[in-house]
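Trainee: I would like to go through the terms used for this model and see what stands behind each one.

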Amino acid sequence: MGMFDFGKKECKPLEAVLFSLQMNMSNNYKDATCADMAKLEALYEALRKNGELNEKQMVHYAEVIDEWKAKTKNFGYKNQAPTRK
């Protein structure tokens, strides 16, 4: 990811979901963003439980997921106040 991630291998499946998440959020696709967030968390858990992530990856992606949770906390349509005329 960053310039100083010496030797850290990215997890391609997680990176693909993160890319989709970033694109959907930047395009304001609320439903797709929320779906990607759920997919990211589920994939991370599955990979972690199966031992497919090393320690550095687990720490890194746990932090990334926490950051995205904060960014998407009130992002869905269901969190918008209804408009009245």
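Predicted model: local features only at pLDDT ≥ 70, side-chain atom pairs only at ≥ 80, totals over all residues.

Mentor: Residues are numbered from 1 along each chain as its sequence is written, and side-chain values use heavy atoms, with hydrogens and water left out.

Trainee: Why are helix 1 and helix 2 called roughly antiparallel?

Mentor: Helices are DSSP runs of H or I with at least four residues, numbered from the N terminus. Axes are lines fitted to C-alpha atoms over the stretch in contact, and angles run from 0 to 180 degrees between N-to-C directions. The axes of helix 1 (residues 12-26) and helix 2 (residues 30-49) cross at roughly 165° and come within 9 Å. Angles over 145 degrees count as roughly antiparallel, under 35 as roughly parallel, 65 to 115 as roughly perpendicular and the rest as oblique. Helix 1 and helix 2 are therefore roughly antiparallel.

Trainee: What makes helix 1 and helix 3 roughly parallel?

Mentor: Their axes are 13 Å apart and the packing angle is about 20°. That angle falls under the limit of 35 degrees, so helix 1 is roughly parallel to helix 3. Where they meet, helix 1 brings residues including Leu14 and Leu18, and helix 3 brings residues including Tyr61 and Trp68.

Trainee: Which residues have the most contacts inside the largest nonpolar core?

Mentor: Leu14, Leu18 and Leu40 do, in a core of 14 residues. A nonpolar core is a set of buried Ala, Val, Leu, Ile, Met, Phe, Trp, Tyr and Cys residues joined through side-chain atoms within 4.5 Å. Helix 1, helix 2 and helix 3 (55-72) each supply at least two residues of this core.

Trainee: Why is Tyr61 called buried?

Mentor: Buried means under 20% relative accessible area, exposed over 50% and partly exposed in between, with a 1.4 Å probe and protein chains only. Tyr61 has 2%, so Tyr61 is buried. Tyr61 lies in helix 3. Contact means heavy atoms within 4.5 Å; not counting residues up to four places away in sequence, Tyr61 touches Glu10, Cys11, Leu14, Glu15, Leu18 and Tyr44.

Trainee: What makes Gln57 count as buried?

Mentor: The relative accessibility of Gln57 is 7%. Buried means under 20%, so Gln57 counts as buried. Gln57 is also in helix 3. Leaving aside neighbours within four places in sequence, the contacts of Gln57 are Lys9, Glu10, Cys11 and Glu52.
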